[in-house]
Amino acid sequence: MPACNISETTEYYKIDLAAPGLQREDFFVSITRYGLLSISALHNEEQGMEAEEYKRHAFNYECFNRKLLLPENIDTDFVKAEYRKGILSFWFSKTEKPYMKRASVIIVY
């Protein structure tokens, strides 16, 4: 399971997920109307002639599914998501009152 960091400012929540060895196209991210963030990845790495033999291979995620319950005071309609240098990052803007969530898919840039 990939490690996850969550930070908070006065304006937004930020979630960073360590997922090295993947491409942004490998991620499927969605939010349920109950505020559950679902992050899935599926990476089919083609084994070439130069494939390395590892005794232990701990930092390559070919497939995972991670779920996080989001706070009630975020706007799920405008979420920024990007994958850069092995870190998948999300920014969720805060709202003053609990926000009516609706199911949505998030595109990773």
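Predicted model: local features only at pLDDT ≥ 70, side-chain atom pairs only at ≥ 80, totals over all residues.
Seven bridges connect strand β6 (residues 74-84) with strand β7, and the two strands run antiparallel. Within this pairing, A81 has F90 of β7 as its bridge partner.

The pairings belong to a chain whose secondary structure comes to zero helices and eight strands, so that the pattern read along the sequence is β-β-β-β-β-β-β-β. Of the 109 residues in the chain, 37% are buried. Among contacts between residues at least 6 apart in sequence, 66% join residues that are at least 24 apart.

The interior was examined next. In soluble globular proteins, nonpolar side chains tend to be buried together. The largest nonpolar core of the present model has 22 residues, among which F27, L37, F90 and F92 touch the most other members. At least two residues of this core are supplied by each of β2, β3 (27-31), β4 (36-42), β5 (63-69), β6 and β7. A search of the whole structure for aromatic pairs finds two. One of them is formed by F90 and F92, which are stacked, with 6.2 Å from centre to centre and 25° between the planes. The relative accessible area of F90 is 0%, and F90 is therefore buried, while F92, at 1% relative accessibility, likewise counts as buried. When neighbours within four places in sequence are left aside, F92 is in contact with E11, Y12, Y13, I15, I31, L37, L70, I74 and V79.

Because its relative accessibility is 14%, below the 20% limit, D75 counts as buried. The side chain of D75 is joined to that of Y99 by a polar contact of 3.3 Å. Not counting residues up to four places away in sequence, D75 touches S93 and T95 as well as Y99.

Strand β5 includes K67, which has a relative accessible area of 48% and is therefore classed as partly exposed. With neighbours within four places in sequence set aside, the residues in contact with K67 are L36, L37 and S38. Between K67 and V29 there are 38 residues of separation in sequence, whereas the distance from C-alpha to C-alpha is 9.8 Å.

Finally, the cysteines were considered. A disulfide is a covalent bond between the sulfur atoms of two cysteines. The structure holds zero disulfides. C4, at 21% relative accessibility, counts as partly exposed, and C63, at 58%, counts as exposed.

Key:
Residues numbered from 1 in each chain as written. Heavy atoms only, no water. Pairing = 2+ DSSP bridges. Helix = DSSP H or I, 4+ residues; strand = E, 2+ residues; numbered from the N terminus. Buried < 20%, exposed > 50% of the residue type's maximum accessible area, 1.4 Å probe, protein only. Polar contact = N/O pair within 3.5 Å; in protein donor to acceptor, adjacent residues only side chain to side chain. Contact = heavy atoms within 4.5 Å. Disulfide = S-S within 2.5 Å. Core = buried A, V, L, I, M, F, W, Y, C linked by side-chain atoms within 4.5 Å. Phe/Tyr/Trp six-rings, centres within 6.5 Å; stacked < 30°, edge-to-face > 60°.
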